[in-house]
Amino acid sequence: MIEELFAIEKEAYRDSPLHRLDARVKLIVAFAAIIALVSYPISTPVYLLGAVFALFYLVLWVISGLSPWVYLTRLLVILPFGLSIMVLQVFFPNRFFPGTDALLSFPLGITIYAGSAQFAMILFVKFLLSISFIILLSSTTRVQDMLVGARRLGFPSEFTLIMGMMIRYLFVFGQMFFRIRNALETRCFNAFDRSLPYIYRLRQMGYTIGTMFIRSYEQGERTYVAMLCRGYGKDAFLFVPPKSLLAGEWVALLVGLMVVIIAPIAVYLFH
């Protein structure tokens, strides 16, 4: 997971028309697409809407110039969480599809309902596309640009300031983790080496985890003192100079919103 954190930020530093686009445009379009998907009624036309959004997403991904492997690796990390929720849905009757027959029956009264399976598939489409837009946003927008864009959109300064410090500290923690791991490797220690006694490996891993907690605490104290020296307090805020969108960015914003707004309305009215 630590390696994935650095990989996400590395991909965001690539150069493409989508990478160069203002963070506000990407934030608005991404969250508008997620809201449109989540708020669409639970019904089978979601599949058609999902196909339209998937085509729109594919166009954006091609413009970004990112490798499909980037998308797959990040999706596979999140997919088990979504699947665990959706798989449970098929074992209970669903209020959106009442009166449907049992699809499969197992011993001990375990039953898979056809309506619940349909509901799970609709949830999967919404989940997959929502996560995909988040992956695209994080892969094409640097963290600092995202925070600055959120501040310009009107997010409270307290929110963006705290989020900025938390994200920066995650990278500091990641570097600390790499240093400790390299120190263990240079000493030829492997926690999964069965030739070493189990108690010895367990004790060394306990020492390592304790060291990380202590170093994190010390780093937090140093960071807090440095913040106080720079005037940080309850009245501190993140100043972001105003910036107007360029003509091309306005066009990209309008096109993105037109797709996100018109597609659900058209599918709902004409399907």
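This is a predicted model: local features need pLDDT of at least 70, side-chain atom pairs count only at pLDDT 80 or more; totals for chains, interfaces and linings use all residues.
View 1. The buried residues of H5 are Val70, Tyr71, Arg74, Leu75, Leu79, Gly82 and Met86. An α-helix has 3.6 residues a turn, so residues three or four places apart point the same way. Keep that in mind when tracing Tyr71, Leu75 and Leu79, which are among the buried residues of H5.

**View 2. The length and bend of helix H5.** Helix H5 covers residues 68–89, which is 22 residues. From first C-alpha to last, H5 reaches 30 Å. That is close to the 32 Å expected at 1.5 Å a residue. Where does H5 bend? The bend lies at Ile78 and is about 40 degrees. A proline, Pro80, follows within four residues.

**View 3. Ser132 and its contacts.** Ser132 sits in helix H6, residues 114–140. Is Ser132 buried or exposed? Its relative accessible area is 2%, so Ser132 is buried. Leaving aside residues up to four places away in sequence, Ser132 touches Tyr57 and Tyr71. Tyr71 belongs to H5 and is buried there.

**View 4. Helices H7 and H8 side by side.** H7 spans residues 143–152, and H8 spans residues 157–186. Their axes come within 9 Å. They cross at roughly 175 degrees. H7 and H8 are therefore roughly antiparallel to each other.

**View 5. The contact of H7 with H8.** From H7 come Val143, Gln144, Leu147, Ala150 and Arg151. They meet Ser157, Thr160, Met163, Gly164, Ile167 and Arg168 in H8. How many residues of this contact are nonpolar, polar and charged? Five are nonpolar, four are polar and two are charged.

Definitions and conventions: Residues are numbered from 1 along each chain as its sequence is written. Side-chain values use heavy atoms; hydrogens and water are left out. Axes are lines fitted to C-alpha atoms, for helices over the stretch in contact, and angles run from 0 to 180 degrees between N-to-C directions. Helices (H or I, at least four residues) and strands (E, at least two) are DSSP runs, numbered from the N terminus. Angles under 35 degrees count as roughly parallel, over 145 as roughly antiparallel, 65 to 115 as roughly perpendicular and the rest as oblique. Contact means heavy atoms within 4.5 Å. Ala, Val, Leu, Ile, Met, Phe, Trp, Tyr, Cys and Pro count as nonpolar, Asp, Glu, Lys and Arg as charged, and the others, Gly among them, as polar. The expected span of a helix is 1.5 Å times one less than its number of residues. The bend at a residue is the angle between axes fitted to the seven residues ending there and the seven starting there. Buried means under 20% relative accessible area, exposed over 50%, partly exposed in between (1.4 Å probe, protein chains only).
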